[in-house]
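Thanks, everyone. Let me put the model up, and then we'll walk through a few spots.

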Amino acid sequence: MDRIVILDTTMRDGEQAPGATMNLEDKVQIGRQLERLGIDVIEAGFPANSPQEVEAVAAVAKEIKRSKVAGLTRPVLSDIDACWEAVHHAENPRIHVFISTSDLHLERMLRKTREEVLEMSVKGVAHAKKYTDDVEFSPMDATRTDPVYLYQLLTAVIDAGATTINIADTVGYAIPDEFARFLTGIRENVPNVDKAVMSVHCHNDLGLAVANSLAAIKAGARQIEVCVNGLGERAGNASLEEVVMAISTRRDLLGAYHGLDTTQIYRTSRMVSDVTGMLIQANKAIVGANAFRHESGIHQDGVIKERTTYEIMDPKSIGLTSSVLHIGKTSGRAGFRSHLKDMGYDMTDQDFSKAWESFREVVSKKKYITDRDIEAIVAEELRSVDETYRLDEVHVTCGEPGIPTASVKIVDSEGREFIESAVGNGPVDAVYNAISKVIPVSNTLEEFTIKSITDSTESLGEVTIRIESNGQTFTGRGASTDIIVASARAYLNAINRLVSMQGLDSKGPVK
Ligand SMILES: [Zn+2]
């Protein structure tokens with residue numbers, strides 16, 4: 001049995017999903033959780049993108065001890081230098097060099113010949129090799145590349161020192177059996193292929209990313225690149241949880257295993273969803289809310305008598321527990337903090353204090369607290385962003401007949417208070433209008449989702465919103481037993497993200 005190396009690229013490819021932008025604190029938090037999950041290689045970003053990205057990747061690299069930490073780079077010498085500057089802090093750094101190899105990309109995008117791309121690739125890998133032994137090379141759009149050219153290129157980069165060759169189905173074009181044949185072609189026609197680990201990077205444009213990854217394992221791939229919750233460009237990447245649980249569940253057929261602690265999967269999935277504001281569909285495999293729910297009477301009867309009648313995986317194996325917490329009204333700060341630690345949340349004192357206040361507030365209104373409630377509470381704190389604006393008070397009157405009216409008090413980071421009121425089509429609209437009067441940033445609301453966390457009317461309401469401003473998308477989250485308050489918090493959360501990325505278009509609030 002061979003061990004499959006899992007490379008997680010949630011913080012690089014996953015971050016390229018619209019609205020999933022992560023700041024430095026987000027990345028460190030997710031990096032720690034990925035290490036807890038036992039990920040072999042954490043791809044933390046694309047350092048040459050910006051000085052902030054160098055800083056964020058470096059911060060992850062400093063934090064991670066066991067997993068390898070990779071940075072992505074074009075085969076441009078200065079980009080490789082920037083990549084090394086960021087990843088060299090890691091115990092086990094990796095440089096990941098990529099370049100397009102399909103004629104379509106070469107002719108229409110790079111405007112380079114095959115020879116030029118081959119030369120750049122070899123030079124890039126050789127330059128990276130001066131820094132570290134661990135160099136990965138990816139031919140981008142490999143599945144639409146002329147195989148004969150690909151064989152030549154791969155032979156050359158392995159000679160130059162690449163230790164992993166990553167066959168990227170960048171546009172999600174491959175079909176499983178065809179992809180397996182493509183990889184077999186590489187194994188048969190690249191003479192030095194045994195000197196490198198064969199990896200695959202599959203996209204989900206046809207919903208086949210996981211299927212292609214599994215076909216690749218059968219064809220000899222020993223590294224699979226994945227993203228938590230299947231995040232990523234367009235339809236996303238192969239989903240970490242699906243690939244990993246497929247390997248666990250069907251190792252009989254795949255003849256391979258992985259080194260992950262799968263009981264951390266659920267927590268990792270929640271954390272990434274909370275940090276990015278990207279919701280998980282209820283019927284998502286493994287981590288969706290319905291993934292282990294049985295509705296039909298026959299199925300329920302079966303599962304009660306013998307779980308395996310309708311469950312191929314034990315929900316406990318992904319860390320799913322429905323346990324109601326022992327923590328409640330009488331629990332102290334220390335107890336709450338250690339529970340958060342058990343759940344995988346390492347928080348700064350300041351964030352913890354805020355989480356503690358929110359927790360006390362929820363405990364006073366709700367009888368039973370579950371881990372899921374706690375996740376919703378800390379989600380706001382986790383989406384750590386400079387809090388330029390904080391919601392101090394919100395009041396709403398609405399009903400039938402009547403004009404929904406809201407007043408808000410918002411405090412800015414310098415302690416200045418702003419009070420505004422507005423009317424709207426409904427209470428949430430009125431609140432948003434009042435907040436917009438205080439904070440003059442132009443934006444349009446693209447999405448508004450409200451969800452109850454558990455199944456009762458005293459449940460926490462969790463609001464996720466997505467706003468657009470100057471072509472950039474920002475997500476915001478808020479949770480409260482009062483959905484109007486949750487909506488206001490979610491909106492401010494998104495506005496704070498927007499302001500920290502784009503700055504204000506005037507010198508602060510108008511009034
Ligand atoms: Zn990709």
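This is a predicted model: local features need pLDDT of at least 70, side-chain atom pairs count only at pLDDT 80 or more; totals for chains, interfaces and linings use all residues.

Now back up into the helix itself. α6 runs over residues 147-160, 14 residues in all. From first C-alpha to last it reaches 20 Å, close to the 20 Å expected at 1.5 Å a residue. Which residues of α6 are buried? L150, L153, L154, V157 and I158. Look down the helix axis: these buried residues fall within an arc of 130°, so they line one face of α6. What covers them? The cover includes two helices, α5 (114-131) and α7 (176-189). It also includes two strands, β6 (135-140) and β7 (164-169).

Stay with α5, and bring in α3, residues 77-87. The axes of α3 and α5 come within 10 Å and cross at roughly 30°. Angles under 35 degrees count as roughly parallel, so α3 and α5 are roughly parallel to each other. Their crossing is right-handed. On the α3 side, the contact is made by L77, I80 and W84. On the α5 side, G124, H127, A128 and Y131 make it.

Last stop, M22. It sits in the loop between β2 (5-8) and α1 (24-37). Is M22 buried or exposed? Buried: 21 other C-beta atoms lie within 10 Å, and the cut-off is 20 or more. Setting aside neighbours within four places in sequence, M22 is in contact with M11, E15, K27, V275 and T276. As for S296, M22 is 274 residues from it in sequence and 40 Å from it in space, C-alpha to C-alpha.

Notes:
Residues are numbered from 1 along each chain as its sequence is written. Helices (H or I, at least four residues) and strands (E, at least two) are DSSP runs, numbered from the N terminus. The expected span of a helix is 1.5 Å times one less than its number of residues. A residue is buried if 20 or more other C-beta atoms lie within 10 Å of its own, exposed if 12 or fewer, and partly exposed in between; C-beta atoms are placed from the backbone. The arc is that of the directions from the helix axis to the C-beta atoms. Two residues are in contact if their C-beta atoms, placed from the backbone, lie within 7 Å. Axes are lines fitted to C-alpha atoms, for helices over the stretch in contact, and angles run from 0 to 180 degrees between N-to-C directions. Angles under 35 degrees count as roughly parallel, over 145 as roughly antiparallel, 65 to 115 as roughly perpendicular and the rest as oblique. A crossing is left-handed if the near helix is turned anticlockwise from the far one by less than a right angle, and right-handed if clockwise.
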